[in-house]
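Have a look at the model first, then we'll go through it by topic.

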Amino acid sequence: MSAPSRFHRGHTDDLMTFLAASPTPYHAVANAAERLEKAGFRQVAETEAWDGTAGGRYVLRGGAIVAWYVPEGAEPHTPFRIVGAHTDSPNLRVKPRPDTGTHGWRQVAVEIYGGPLMNSWLDRDLGLAGRLTLRDGSTRLVNVDRPLLRVPQLAIHMDRNVSAEGLKLDKQRHLQPVWGLGDTVRDGDLIAFLEEEAGLDRGEVTGWDLMTHSVEPPAYLGRDRELVAGPRMDNLLSVHAGVAALASVASGGTGLPYIPVLAAFDHEETGSQSDTGADGPLLGSVLERSVFARGGSYEDRARAFAGTVCLSSDTGHAVHPNYAERHDPTHHPRVNGGPILKVNVNNRYATDGSGRAVFAAACEKADVPFQTFVSNNAMPCGTTIGPITAARHGISTVDIGAAILSMHSARELCGADDPYLLANALVAFLRP
């Protein structure tokens, strides 16, 4: 396969910048908001009254963002076209009492978030980032993007059976990272260090949501640089594509038959049940308030929702060259083959035949190839925000995404063309 074109490469370069700058959901939505601001969007507060005038708006709540563009002349019952995604990724998150250690090592107490490939976090240089809450209730983002922590693996000389029996990790005992030396554990040391990093006074931080991240930057890979290795592609690849697509559609927003929306939620990796998750009220509240702000009634709201379609965009599984038997024998998605349509008749994905037609039309308009993913019948199937969105809001939903390898690893792998192809398909969906 030839190297990516300069058009593809420009989009993928920008994705890599976005990934590196977004070590946490809080940073991801802040970066998404900054990009939307440059495209003319403005933030609205949930505590204030909204107006129904034309233009782009967005709401931030924790690690979630919902953005939408109201075209000139939009009716209260105008349907929405929604790109759904999620901002969180499996990782190691700091516990409420983080300062720990033993035998002369200073460590940080962490909890396992989601379902990470735990071995991928071993012997990797880790930074620390997240959200600090101050005494006055305000928040401050912090990002120590340099080697600070490490989860050291046990040497093979002390675990002679690891080669024959495989690596076995105890989540409580074996994944606590080291970050220095010292015989005395002092409560408050880690937060005091982060206060200094963030330019805050000692004792100003009273709450925190902190997590580790690999500090190795994203990189092109392969003889022809046709692959990209990097962190958090599941699912910031979709968030980035959604932001780019929404900004593009808004820049030429006259005559749009739908109101384009980006909804990027937190906590998908743990079930989506939070005030910032897809199973919470955030999306429904924003859509309803948009209808009512344009003078609509409950009848208008029902009409708008009935005509709405959501593309739930999340990364999916490319066929693995070393484990091809784990895939369905007639469905082998390939990287750089275009986005995948995810199908599961037990509703682990929300796609049905009508949804497939909507996505196929968007790909045809964008001149983008697409593939289909179905799980091997003998393997359990994962799920997404798609079925949740469909059931909670009564919205027709289609599950799609880019094909990757090493999903839930600290460092994942995708094709260098696929992010660009996905974004183009999303543009065609939002602007049919």
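Helices and strands here are DSSP runs (H or I over at least four residues for helices, E over at least two for strands), numbered from the N terminus. This is a predicted model, where local features need pLDDT of at least 70, side-chain atom pairs count only at pLDDT 80 or more, and totals for chains, interfaces and linings use all residues. Residues are numbered from 1 along each chain as its sequence is written, and side-chain values use heavy atoms, with hydrogens and water left out.

**Domains**
- The protein chain splits into domain 1 (9-89 + 231-430) and domain 2 (92-214), with bounds taken from an automatic or database domain assignment.
- Taken over C-alpha atoms, the centres of domain 1 and domain 2 sit 31 Å apart.
- Domain 1 puts 20 residues into the contact and domain 2 puts in 19, where contact means heavy atoms within 4.5 Å.

**Largest pocket**
- A pocket is an open set of points on a 1 Å grid over the protein atoms alone, where a 1.4 Å probe fits and there is protein on both sides within 12 Å along at least five of seven lines; a cavity is a set the probe cannot get out of, and lining residues have an atom within 4 Å of a point.
- The largest pocket holds about 1,100 Å³ of space, a volume being the space filled by probe spheres set on the points, which are joined across faces, edges and corners.
- Its lining has 40 residues, and His317, Pro380, Gly382, Met407 and His408 are the closest to the centre.
- Both domain 1 and domain 2 give residues to this lining, so the largest pocket lies between them.
- β15 (316-317) and β19 (403-405) each put at least two residues into the lining of the largest pocket.
- By type, that lining has 14 nonpolar, 18 polar and eight charged residues (Ala, Val, Leu, Ile, Met, Phe, Trp, Tyr, Cys and Pro are nonpolar; Asp, Glu, Lys and Arg are charged; the others, Gly among them, are polar).

**Second largest pocket**
- Here you get about 620 Å³ of space.
- There are 24 lining residues, with Pro152, Gln153, Leu154, Arg173 and His174 nearest the centre.
- β5 (91-102) and β6 (105-113) each supply at least two lining residues, and β5 gives the most, with four.

**Annotated histidines**
- An unreviewed UniProt entry places "binding site" at His86, His157 and His408; positions follow the numbering used here, feature names are shortened, and annotations may be inferred rather than shown by experiment.
- His157 is in the loop between β8 (139-149) and α3 (162-165).
- With 59% relative accessibility, His157 counts as exposed (buried is under 20% relative accessible area, exposed over 50%, partly exposed in between, with a 1.4 Å probe and protein chains only).
- His408 sits in the loop between β19 and β20 (412-415).
- Leaving aside neighbours within four places in sequence, His408 contacts Pro90, Gly115, Pro116, Leu117, Ser120, Asp234 and Glu269.

**Leucine 200**
- Look for Leu200 in the loop between α4 (189-197) and β10 (205-214).
- Leu200 is buried, at a relative accessible area of 10%.
- Leu134 is 66 residues away along the chain, yet its C-alpha atom is 9.3 Å from that of Leu200.
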